[in-house]
Amino acid sequence: GLDPLTVSLVEAHGTGIPLGDRTEIQAMRDVFKNDPNRGPCIALGSVKSMIGHLISASGVAGLIKAALSLYHQILPPTLHCDDPLDDLDGSPFYINAETRPWIHSRNNGPRRAAVSAFGFGGINAHAVLEEPPTAGEDRPFLGGTGRDSELFVITAQSRRALIERCEQILETLEKNSPISLT
């Protein structure tokens with residue numbers, strides 16, 4: 001429900017391997033269609049330039065980096081990227097090479113960061129993070145489009161306890177349907 005061009009920071013998987021990086025850039029170009037009147041407007045980075053590849057932890061490291069960027073309203077640098085791929089030419093992305101304040105117009109909405117994280121074994125996840133509303137600002141979730149789904153995290157001490165907990169939740173949902181999540 002969001003216009004991709006409302007995202008101003010993309011934390012990419014970015015391993016520095018040309019084939020993989022080209023593939024990721026092309027996929028992002030397909031989603032983040034460039035506005036030829038704007039030029040590059042989305043900072044592109046990868047936490048791996050700062051701390052190396054952490055195999056399965058690289059995704060959560062990118063998520064933490066993006067969350068801290070929103071919290072501090074800072075665009076972090078991408079290090080060791082002195083000669084970016086030509087695939088970025090004509091795209092909405094630029095490599096942010098130095099730490100900068102994350103300046104934006106409130107008229108353009110909240111700051112948003114997208115995180116593309118690949119885990120060990122090819123697991124892929126993509127998340128969009130948004131800064132919280134300022135005091136007194138009532139902003140609807142996802143620009144007022146409503147929710148098509150909701151994430152629930154369910155934990156238990158054992159597999160059997162987890163199954164029992166899920167069965168309890170299912171029973172509650174069946175008895176009390178529909179349940180509003182707002």
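Which residues make a nonpolar surface patch of about 310 Å²? Point 3 names them.

1. **Basis.** This is a predicted model, in which local features need pLDDT of at least 70, side-chain atom pairs count only at pLDDT 80 or more, and totals for chains, interfaces and linings use all residues. Residues are numbered from 1 along each chain as its sequence is written, and side-chain values use heavy atoms, with hydrogens and water left out.

2. **Overall layout.** The chain has 4 helices and 7 strands. Both are DSSP runs numbered from the N terminus: helices are H or I with at least four residues, strands are E with at least two. From the N terminus the order is β-α-β-α-α-β-β-β-β-β-α. Of the 182 residues, 29% are buried. Buried means under 20% relative accessible area, exposed over 50%, and partly exposed in between (1.4 Å probe, protein chains only).

3. **Surface patch.** M50, I51, L54 and L79 make the nonpolar patch. Patch residues have over 30% relative accessible area and no salt bridge; like charges are joined within 9 Å, nonpolar side chains (Val, Leu, Ile, Met, Phe, Trp, Tyr) within 5 Å. A salt bridge puts a side-chain nitrogen of Lys or Arg within 4 Å of a carboxyl oxygen of Asp or Glu. Areas come from the Shrake-Rupley method with a 1.4 Å probe; for residues, only the protein chains shown count as cover. I51 sits in helix 2 (residues 48-51). Its relative accessible area is 46%, so I51 is partly exposed.

4. **Aromatic pair.** Rings of Phe, Tyr and Trp (its six-membered ring) pair if their centres lie within 6.5 Å; planes under 30 degrees apart are stacked, over 60 edge-to-face, the rest tilted. This rule gives 1 aromatic pair. The F32 and F93 ring centres are 5.5 Å apart and the planes stand at 70°, so the pair is edge-to-face. It links distant parts of the chain, 61 residues apart: F32 is in the loop between helix 1 (18-31) and strand 2 (42-45), F93 in strand 4 (residues 93-95). F32 is buried at 5% relative accessibility, and F93 is buried at 2%.

5. **Arg112.** R112 belongs to strand 6 (residues 112-118). It counts as buried because its relative accessible area is 8%. Not counting residues up to four places away in sequence, R112 touches residues including L2, W102 and E130. Contact means heavy atoms within 4.5 Å.

6. **Helix 3.** Among the buried residues of helix 3 are G59, K65 and L70. Just after helix 3, Q73 takes a positive phi of about 55°.
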